[in-house]
Amino acid sequence: MANTPQAKKRIRRNERRAEINGNRLSRIRTFVKKVESALAGGDKAEAADALKAAQPELARGVARGVLHKNTAARKLSRLTKRVSAL
């Protein structure tokens, strides 16, 4: 258990950040799922629009430290490849 005031503050801060980061990650996953559902439906225009909306969300996740840069790049690359293949 934390004994110092700084350690107690860290615990409070970490709990708040974990909730915020969890929400950010959930939001990113939602945008990616929209692209994947459009791909499953076979609608290229809808998939392209969803991809255009997902791209800044992935970039924002990288900027906020929720996702690693290469992870976001890999996800975006794979989605783009699937959309263009439609």
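Student: Which helix is Pro 56 found in?
Tutor: Pro 56 is found in helix H2. Helices here are DSSP runs of H or I, at least four residues, numbered from the N terminus. This is a predicted model, where local features need pLDDT of at least 70, side-chain atom pairs count only at pLDDT 80 or more, and totals for chains, interfaces and linings use all residues. Residues are numbered from 1 along each chain as its sequence is written, and side-chain values use heavy atoms, with hydrogens and water left out.

Student: What is the relative accessible area of Pro 56?
Tutor: It is 36%, so Pro 56 is partly exposed. Buried means under 20% relative accessible area, exposed over 50%, and partly exposed in between (1.4 Å probe, protein chains only).

Student: How far is the Pro 56 C-alpha from that of Ile 28?
Tutor: They are separated by 9.5 Å, with the two residues 28 apart along the chain.

Student: New topic. At what angle do the axes of H1 and H2 cross?
Tutor: At roughly 160 degrees, and the axes come within 8 Å. That makes H1 roughly antiparallel to H2. The cut-off for roughly antiparallel is over 145 degrees. Axes are lines fitted to C-alpha atoms, for helices over the stretch in contact, and angles run from 0 to 180 degrees between N-to-C directions.

Student: Which residues in H1 meet H2?
Tutor: Among them are Ile 28, Phe 31, Val 35 and Leu 39. On the H2 side, the residues include Ala 47, Leu 51, Ala 54 and Leu 58. Contact means heavy atoms within 4.5 Å.

Student: What about Arg 24, which helix does it lie in?
Tutor: Arg 24 lies in H1. Arg 24 is partly exposed, at 26% relative accessible area. Leaving aside neighbours within four places in sequence, Arg 24 is in contact with Arg 17, Arg 64 and Val 66. The C-alpha atoms of Arg 24 and Arg 64 are separated by 9.0 Å, although the residues are 40 apart along the chain.

Student: On to H3. Which residues there are buried?
Tutor: Ala 72, Leu 76, Leu 79 and Val 83 are buried in H3. Down the axis of H3, the buried residues fall within an arc of 70 degrees, so they line one face of the helix. The arc is that of the directions from the helix axis to the C-beta atoms.

Student: Why would residues three or four places apart point the same way?
Tutor: An α-helix has 3.6 residues a turn, so residues at that spacing point the same way.

Student: What do the buried residues of H3 pack against?
Tutor: Helix H1 (5–41) and helix H2 (44–63).

Student: And which residues are exposed on the other side of H3?
Tutor: Arg 78, Lys 81 and Ala 85.

Key. Helices (H or I, at least four residues) and strands (E, at least two) are DSSP runs, numbered from the N terminus. Angles under 35 degrees count as roughly parallel, over 145 as roughly antiparallel, 65 to 115 as roughly perpendicular and the rest as oblique.
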